[in-house]
Amino acid sequence: FVLTEFKVQVGEGTEARAPDGLSVDSYRSGQVQNASALPDEKSLSALVADAAQEVGALKEAPMAIPEVAPALIDGESTGVFFHEALGHRLEGLRQREKSELQTFKGKVGQRIIPAFLNLVSDPALKEFKGTMLSGHYFYDSEGIPSRRVTLVEKGILKNYLMSRRPIEGFLNSN
């Protein structure tokens, strides 16, 4: 099994700016299980054209006003949302860096999400219910064997994703 990723991007590092000076860009990406499944040139050109059209629309769009409201999120977006909102903020390294969002620093033992949710990290898991997962590994970049870690249980923060750099109360990599 070899995971191959592709990405086409329009606007990054160029002069794609809205009239108010905001830089705008867009990209299309995907993952395939081997190089023979990568999109052909015609498909990639269509992805670039689609991203370019979106950049053009973004340049002319009014600035969005932040709102707080309930939302329904589709499957793929849900994964990205949880990765950004919880995943990064549960990294032990970020609990020690003042320049990072320390949303959950000192919150072990406290409810951080609804009680009906659990959050587990299992990097050795290659697939889930027949869907291949990307990013699995048996040993991390520091040579530590992967293991299942319960981060949140019934909404209560139990652990952080730890590297070899300890933080108060968490001295070991997991």
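Student: What volume does the second largest pocket have?

Tutor: The model is a predicted one, and the volume given here is computed from it. For the second largest pocket, the volume is about 210 Å³.

Student: Which elements give two or more residues to the lining of the second largest pocket?

Tutor: The lining includes Glu5, Phe6 and Lys7, as well as Ser29, Gly30 and Gln31. Glu76, Gly79 and Val80 also line this pocket. The elements that contribute two or more residues are strand S1 (4-10), S2 and H2.

Student: How many residues of the lining of the second largest pocket are nonpolar, polar and charged?

Tutor: Glu5, Lys7 and Glu76 are among the lining residues, and Asp, Glu, Lys and Arg count as charged. Phe6 and Val80 also belong to the lining, and Phe and Val count as nonpolar. By class, the lining has 2 nonpolar, 4 polar and 3 charged residues.

Student: Which element gives the most to the lining of the largest pocket?

Tutor: The largest pocket holds about 1,700 Å³ of space and is lined by 48 residues, with His83, Val120, Ser121, Asp122 and Ser134 nearest its centre. Among the elements that give two or more residues to this lining are strand S2 (26-32), helix H2 (75-87), helix H3 (92-96) and strand S6 (149-153). With 7 residues, the element that gives the most is H2.

Student: How many residues of the lining of the largest pocket are charged?

Tutor: The lining of the largest pocket divides by class into 24 nonpolar and 17 polar residues, together with a charged group. The number of charged residues is 7.

Student: Which strands stand at the edges of the open sheet of 3 strands?

Tutor: The order in this sheet is S3-S6-S7, with antiparallel pairing. Each edge strand has a single partner strand, so one side of each is left without a neighbour in the sheet. The strands at the edges are S3 and strand S7 (156-157).

Student: In S7, which residue is the bridge partner of Val152?

Tutor: S3 and S6 pair over 3 bridges, and the partner of Leu119 in S6 is Val152. S6 and S7 pair in the antiparallel sense over 2 bridges. In S7, the bridge partner of Val152 is Leu157.

Student: Which residue takes a positive phi in the hairpin of S6 and S7?

Tutor: This hairpin has 2 residues between the strands. The residue with a positive phi, near 50 degrees, is Lys154.

Definitions and conventions: Residues are numbered from 1 along each chain as its sequence is written. This is a predicted model: local features need pLDDT of at least 70, side-chain atom pairs count only at pLDDT 80 or more; totals for chains, interfaces and linings use all residues. Side-chain values use heavy atoms; hydrogens and water are left out. On a 1 Å grid over the protein atoms alone, a cavity is a set of points where a 1.4 Å probe fits but cannot get out, and a pocket is an open set with protein on both sides within 12 Å along at least five of seven lines; lining residues have an atom within 4 Å of a point. Grid points are joined across faces, edges and corners, and a volume is the space filled by probe spheres set on the points. Helices (H or I, at least four residues) and strands (E, at least two) are DSSP runs, numbered from the N terminus. Two strands pair if DSSP finds at least two bridges between them.
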